[in-house]
Every structure is written in C-alpha cells, then in structure tokens.
Amino acid sequence: MAAAGPGRSVASVNSNHDELCGSPEWAAYIQDEVLPAVTAGVDLGREMLEIGPGPGAATGWLCQRVTRLAALERDEPAAAALAAKFPGVQVTVGDATRMSYPDCSFDSVGSFTMLHHVPTTARQNQILAEALRVLRPGGVLVGSDSLPSNGLHQFHEGDTCHPVEPAALLVRLQTLGFAAIVVAVDDVLKFTARKAGPAGLPGRPCGVLAPGIPD
Ligand SMILES: C[S@@+](CC[C@H](N)C(=O)[O-])C[C@H]1O[C@@H](n2cnc3c(N)ncnc32)[C@H](O)[C@@H]1O
C-alpha cells in the first residue's frame, strides 16, 4: 500500500495514479472508449453498484445512466471526495471483499480498473462472489481492467499490482456461478457476466453463494 501524501486523490494507491486516474484525459478515455464498449447492448437496469470508483472517472458517466448509483470505495479520503463531487451517488467506505449490501440489491455491478489492485486471486474471487451475491437474478457484472505487462508493473512500483489473467477469468467467473460470460481482450480487458435468473437461464436462488475457488 502506498503512503498517503499531500494532494493525493487516492492515498491507497501510488502517486502515479494521482496523475493518471484523477486526470480529465483518463476520464475521457474511460467515458469515451471503455464504458461505451463494455456496456454496448447491456441494460444496466435502475440500480447499480460501482466498486473501486477512485476519483470517479467512470462514476460521472454511470450515474447518468441509472436511477440509483451506489459506490463502494475502501479509501476513506477518496470516498469523501467522490461523495462531494457526486452528491447523488450513495458512496460507502468499505472493502468489496466483504460488502454490507443485502443479497439481490442491484441490477448491475461495475468494476473498472480496480481488480488488479486486489493483491491475490482469492481476494479478487471474493469480490466477484460478492458481486454475484448482491446482484438480482438476471443482473449483470460489467468490468474492465488493465492487461498484464511490464509497463503496468513499472507504473505500480511500490503498489499492489495483481493483474487478472484474461483466459482464467472466464473459468473463474463460471466456477463462481456466473452465466452468459463474455471476456474480450483488446487494449484492455473487458468482461460482462450475468447472475442467472428470469431470463430463462438456470440459476441459483438469491442468498445461495457459489462455492469459492482456490487461489
Ligand atoms: C486504479 S483505481 C481505479 C479507479 C476508477 N475505477 C478508474 O477506473 O479510474 C482502483 C480503486 O479501487 C479501490 N479499491 C481497491 N481495492 C478495493 C477493495 N477491496 N474494495 C473497495 N475498493 C477498492 C482503490 O482504493 C482505488 O480507488
């Protein structure tokens, strides 16, 4: 975990992220290129949860597309700044591996450029399992993340960097209980996966968690 310092927008990530993730250029990239592609043809529904919003590059775009947006951020100063910037968003400080939301709370869950900040595959799987738990039947997980590369690891010097292996993600999501999984790789990793439900897919009823899969 990086040390907090003056002017840091997210104290729990290294200072390279302040220059990038809080910049208008990053917000424009996320909003103009990543989010339209990840959500193409996807109904986000009325109520959405964004996990790991950081300075809010995706938040401003998402909150215009759903009736209620909740955001779960583990970094307290970043969460406070986000709540001030987006007063209509229900920002909660917390760890996405242990969400406090009841089962079946959301129509969609979004995770953008955050999973690689989760230090182990097991904890990433806990987050994905929690996303499944809080989704309503038929709800959708939408996400993007950085691909593994030397540049990514250099950028994260002194910080957590545990990028998701794209090919393994499909099996991980399937094992956790997601259905209709799509994993795409171009400049970034993009994925969507559904909680089985009324759309005719065989599914687990609300409150029944899929068994975890090992690290
Ligand atoms: C690189 S930033 C991405 C911010 C934003 N989603 C974006 O795409 O610009 C990763 C964010 O995830 C948050 N985060 C990491 N692990 C988390 C966890 N277990 N629960 C909640 N938030 C977490 C970090 O605090 C940070 O704000």
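Biologist: Which hand does the β-α-β unit made by β2, α4 and β3 have?
Modeller: Happy to start there, with the note that this is a predicted model: local features need pLDDT of at least 70, side-chain atom pairs count only at pLDDT 80 or more, and totals for chains, interfaces and linings use all residues. Residues are numbered from 1 along each chain as its sequence is written. Helices (H or I, at least four residues) and strands (E, at least two) are DSSP runs numbered from the N terminus, and a crossover is right-handed if, with the strands pointing away from the viewer, the path from the first strand over the helix to the second runs clockwise. By that rule, the unit of β2, α4 and β3 is right-handed.

Biologist: Which strands form the edges of the sheet?
Modeller: The open sheet has 7 strands in the order β3-β2-β1-β4-β5-β7-β6, with mixed pairing. Two strands pair if DSSP finds at least two bridges between them. The strands that pair on one side only are β3 (90-93) and β6 (178-185).

Biologist: In which sense does β2 pair with β1, parallel or antiparallel?
Modeller: Strand β1 (residues 47-51) meets β2 (residues 68-73) over 5 bridges, with leucine 49 opposite alanine 70. On β2 there is also leucine 72, standing opposite threonine 92 in β3, and β2 and β3 share 4 bridges in the parallel sense. For β1 and β2 the sense is parallel.

Biologist: At what angle does helix α4 run to β3?
Modeller: Angles run from 0 to 180 degrees between the N-to-C directions of axes fitted to C-alpha atoms, for helices over the stretch in contact. Helix α4 (residues 76-85) lies across β2 and β3, and its angle to β3 is about 170°.

Biologist: Is glutamate 47 buried, partly exposed or exposed?
Modeller: Glutamate 47 belongs to strand β1. The classes count other C-beta atoms, placed from the backbone, within 10 Å: buried means 20 or more, exposed 12 or fewer, and partly exposed in between. Glutamate 47 has 17, so this residue is partly exposed.

Biologist: How far apart are the C-alpha atoms of glutamate 47 and phenylalanine 106?
Modeller: Contact here means C-beta atoms within 7 Å, and beyond four places in sequence glutamate 47 is in contact with Val66, Thr67, Arg68, Phe106 and Asp107. Glutamate 47 and phenylalanine 106 are 59 residues apart along the chain, yet their C-alpha atoms are separated by 5.2 Å.

Terms used. Contact = placed C-beta atoms within 7 Å.
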